[in-house]
Amino acid sequence: MKLEIANISNQINASAFDAAVVAISRQVAEHFQPEWGTAADIVGTVVPLANRTAPIAGDRDAIIYVGDSSQDPTTGVENALGYHSTNQGNIPYGFIYLDIVKEAGEEWTTTLSHEVLELLADPDATMTVTGPAPRGGGHVHYDLEVCDPTQGDSYQIDNVSVSNFVGRSYFGLKNGSGKLNYLGLPLRPFGVRPKGYFQYEDGGGKTHQIMGEHVTPHQRAAKQKMGKVRRNRRREDRIE
């Protein structure tokens, strides 16, 4: 996959942005691909934003935007979906909003890593895995999100913070390392780390979220805001 990370922010300097792109590229090649079998050619670009246009040159399979503020009228949450479709059509995408990242108490590079890995695992946000229901008997459909259950767990690559992620065994899938998450932290299959969360759909097509025990009200609010433009929204649109 050819993945473009487009910096449309004026808050991140060039050296910090370049370091993040290099570190996340290493994470994908050295840690994520051996587990999930998905590779990416990641390119970072600084793109001036004007009049709701941020032209991305070249042929890309997916784009992730790093923007200044979720309240900005040109990059805000309410306009994000229209903004992307106007400029890039229907190719897979992601948005990182720096103010919401700060509100959630996260490093922006960790959030960017999170978005990159989840986009690589399931570009169109359509894949689910059948597993035991969190409460009661029966089975439900878990969204194939590889960083949500381990959110809040991070590690360093070249002094850049990146996101922990679950292994294939977490979903009961074969051909992985057998580890439930890259860092080897306590986690059960289809479970959640203290600051993580997951989403599933029941037999009636309803979407549910379960939060880790240490997710704060501020983090819940931030997740709710990002849910309007991130993968959960696209999953809900698919279900509806």
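In this predicted model, helix H1 and helix H4 cross in the right-handed sense. H1 spans residues 14-36, while H4 covers residues 108-121, and the two pack with their axes 10 Å apart at an angle of about 40°. Because angles under 35 degrees would count as roughly parallel and those from 65 to 115 as roughly perpendicular, H1 and H4 are therefore described as oblique to each other. On the H1 side, the contact is formed by Ala-16, Phe-17, Ala-20, Ile-24, Gln-27, Val-28 and Phe-32, and these meet a set of H4 residues that includes Trp-108, Leu-112, Val-116 and Leu-120.

Elsewhere in the chain, 4 strands form an open sheet with antiparallel pairing, in the order S5-S6-S9-S10. Its edges are taken by strand S5 (128-132) and strand S10 (207-211), each of which has a single partner strand, so that one side of each is left without a neighbour in the sheet. From one strand to the next, the twist averages 40°. Within this sheet, strand S6 (residues 139-143) pairs with strand S9 (residues 197-201) in the antiparallel sense over 2 bridges, and Tyr-142 has Tyr-200 in S9 as its bridge partner.

Key: Residues are numbered from 1 along each chain as its sequence is written. This is a predicted model: local features need pLDDT of at least 70, side-chain atom pairs count only at pLDDT 80 or more; totals for chains, interfaces and linings use all residues. Side-chain values use heavy atoms; hydrogens and water are left out. A crossover is right-handed if, with the strands pointing away from the viewer, the path from the first strand over the helix to the second runs clockwise. Two strands pair if DSSP finds at least two bridges between them. Axes are lines fitted to C-alpha atoms, for helices over the stretch in contact, and angles run from 0 to 180 degrees between N-to-C directions. Angles under 35 degrees count as roughly parallel, over 145 as roughly antiparallel, 65 to 115 as roughly perpendicular and the rest as oblique. A crossing is left-handed if the near helix is turned anticlockwise from the far one by less than a right angle, and right-handed if clockwise. Contact means heavy atoms within 4.5 Å.
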